[in-house]
Structures are given as structure tokens and as C-alpha cells.
Amino acid sequence: MLKKHHQDFRDELLNWFKNYQREMPWRNTDNPYHIWVSEVMLQQTQVIKVVDYYNRFIARFPDVQRLAAAPLQDVLKVWEGLGYYARARNLHKAAQVIVNELEGEVPLDYATFRKLPGVGDYSAAAVQSIAFNEPYAAVDGNIKRVLARLFLMDAPVNDAKSAKLFQQRADELLDSTAPGLFNQAMMELGATVCRPQSPTCLICPVNAFCEAFQTARQDEFPQRRETKPVPEHHIAVGVIYRGEEVLITQRQLDGLLGGLWEFPGGQVAEGETAETACVRHIVEVVNLSVNDIKYLTRVRHAFTHFKIVVDVFTCDYQSGEVILNGPRDAKWIEVGALGDYPLPRATHKFLDKL
Ligand code: SF4
């Protein structure tokens, strides 16, 4: 697409977006905090899943002050099931920075906003443009795909080295008079028309500008760098009963599933049975001896870069005082109280069997 056609492209795209955009709760607000929450939730997560979480989150923490004042555990509980929990921890931390250092207002300034915990180039551009109409082009996976097809860009979309190229293209194409609408329109086009498989080019509002469509090469773009197969880890966990109570441990705040609660366990070593691994990890992680070990079930779960298969056992507390080696906290609680704690998806998959 030649630069002289960029304005026509913007007009067609915005016109289409104004008429065909999907209803979403965060599109009916100009509250920067609400827009920010939606953008954080939408990273790596589909719109359809985000809507309920967004509504619940905003009802519970309607402004940055109430989010900053809430205990992290309450924030994680509302986020439970949405995954990528670092997003929730960072949002919470960032709200505290805003309240303590920025007079309680989401900053209308790209550089200041970009420095907040968890804010990257994409969310800074998205929030500043949508909430404040600042001229920053947002580039996420959907937008990279659209750009790759519009301009026949052969840089692999999953290679960090390509980021600059896509950003440059997006910057050139951005409608600086309506950057927020333009960014949302590009995202919407990628999500509903220029989809990863079988883009609906015949009804695409910008097909006249699309080099891939014009040359019938839509299926060749975007290009991707080959990635290694996703490894699978075998985990064993133990639900330790002491009378009516079970022991749960809290993960350290940094890292995967940080701050969530789970049953003690760990990886099954090569040549080890899952039951032996379960007992070994209970000793190593919480320093307890157990007996009457019974196999309960197996569940599977997929993360972005690996999968887990989890063998779950129940057992009885035998002896010892809890001494933590790894988790940041532990509690004996009644099974009925498990719902009060933020738990990983994999744990939810077997709760009904307890
Ligand atoms: Fe995507 Fe097809 Fe539209 Fe090109 S014409 S932007 S490939 S949907």
C-alpha cells in the first residue's frame, strides 16, 4: 500500500468500525482506569472470556483507590481462572504507585504510564490512545497479522527481532486524529475479519488496500519462526487430611501462578512413581509425614510454554510441624473453605472429587 493511500485506508477502516464494532462494556466508558483494566485482561485472552471478569472486577474495584487498598488475595480471587496472574499482581502494584506517587490519577503521559509495573509498549499505547486520544500505535498479535497481510511483511510475527518493523508500519498507518478508534478498529478487524485461519477477505472493508488479497497470498501471511514442541511435565500433588482440614500452601508472589494457593507437590523424577514423588515432595516442601496414600485422579492443564499432567493423591497427616521450603505460607483449612482462596485452574479441575 502506497503512503498516499493511507488516508483512504483509515477512512474505510474507521467507517467500518463505527458501523460494525461489537458491543463491549469497556467501549462505553472514557474512564482511563476501566480502559486500562480491560486492556490488561485482554492480553492473551479472548474477548468472550474477558467480559464477565471485567464486569466483576470493576464492580469490586470501581476505581484505582479501591484497587490499591484491597489485599492482593482479594484481587487474585477475582482474577481466578483468567490466568497470567502476574497481570493482576502488577495491576495491583501499579494502582498503589498511582495512589501513593501520582495523586491518584492514571497518568496522561506515555512515559510515566509506561514505567508502571506490568505496563509494556502495547498497553501503554492502547491505554494512552483509547483513554486520552494520544497518538500511539498499539501493536498486538492481531494487529501484526493484519499488517503482515496488508503489506506482505515476511518478518516472523513470533520473533522479538521483528517487533520494531511492525511498530514502524503501525506508526506510519496510525490515524493521529483518532488514534484510539484506529487502534481498536485494527484490533477488531484482526479479531473478526482478518482472522488467523480463513480470513473473510471478500467482506473485508480494506481489501482494496491489502497486498495479500490483491495477490491471493493471504494464506502465506503472517509468517512464523519455527518453535520447539511444548514440553509436558509430570506433577504429583497430595491433599493431606488432618481430621476435617486439608493443608494448602501459597506460592511465592513472583513467577508463575504467584500468590495462588495449591496442594503441596512437585515434579515426578525420572524412574520415580507418582506416589513416591508425592510423599517425597510433601516431606521436602512442608516437612510432614503422611500415610494412607490413595490415588484420587489425574488432570491436565496447558500453559503457554508447557503442559502439565497432574496425579492427585489424598493422604492422612501422620506427624511433623509444617516447615516451608518453597511456598511463602501454609494453612490448614476445611475443604468447604477452599473456595475462599484463589486457586490455579488445574486445582479447580479436581476439587469436586474431594
Ligand atoms: Fe485480512 Fe483479507 Fe482484509 Fe487483507 S483483505 S486485511 S487478508 S481480511
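**Ground rules**

I number residues from 1 along each chain as its sequence is written. Because the model is predicted, local features need pLDDT of at least 70 and side-chain atom pairs count only at pLDDT 80 or more, while totals for chains, interfaces and linings use all residues, and side-chain values use heavy atoms, with hydrogens and water left out.

**Entry 1: the whole chain**

I began with the overall layout. The protein chain has 14 helices and 7 strands; helices (H or I, at least four residues) and strands (E, at least two) are DSSP runs, numbered from the N terminus. Its C-alpha trace spans about 75 × 50 × 30 Å along the principal axes. I then looked up burial, and 48% of the 354 residues count as buried. Here buried means under 20% relative accessible area, exposed over 50%, and partly exposed in between, with a 1.4 Å probe and protein chains only. For contacts (heavy atoms within 4.5 Å), I took pairs at least 6 apart in sequence, and 68% of these join residues at least 24 apart.

**Entry 2: around the ligand**

Which residues surround the ligand? I found R149, V193, C194, P199, C201, C204, N207, C210, F213 and Q218, where near means that a heavy atom of the residue lies within 4 Å. This shell divides into 7 nonpolar, 2 polar and 1 charged. In that count, Ala, Val, Leu, Ile, Met, Phe, Trp, Tyr, Cys and Pro are nonpolar, Asp, Glu, Lys and Arg are charged, and the others, Gly among them, are polar.

**Entry 3: D311**

Next I went to strand 6 (residues 307–319), where D311 is found. Is D311 buried or exposed? It is buried, with a relative accessible area of 5%. I noted two side-chain partners for D311: a polar contact of 2.7 Å to H234 and another of 2.8 Å to R298. A polar contact is a pair of N or O atoms within 3.5 Å; within protein, one must be able to donate a hydrogen and the other to accept it, and residues adjacent in sequence count only if both atoms are side-chain atoms. Leaving out residues up to four places away in sequence, D311 touches H234, I235, A236, V237, A274, Y295, T297 and R298.

**Entry 4: Q21**

I found Q21 in the loop between helix 1 (6–20) and helix 2 (32–42). Q21 is partly exposed, at 30% relative accessible area. What does Q21 touch, not counting residues up to four places away in sequence? I read off W16, R27 and E188. The C-alpha atoms of Q21 and A185 are separated by 7.8 Å, although these residues are 164 residues apart along the chain.

Most residues other than glycine have a negative phi, and most peptide bonds are trans. That made me look for exceptions.

- A cis peptide bond joins F221 and P222, with omega about 0°; P222 is in the loop between helix 12 (211–214) and strand 1 (232–242).
- A216 is in the loop between helix 12 and strand 1, and has a positive phi of about 55° although it is not a glycine. A216 is exposed, at 62% relative accessible area.
- N287 is in the loop between helix 13 (274–286) and strand 5 (289–302), and has a positive phi of about 65° without being a glycine. N287 counts as partly exposed, at 33% relative accessibility.
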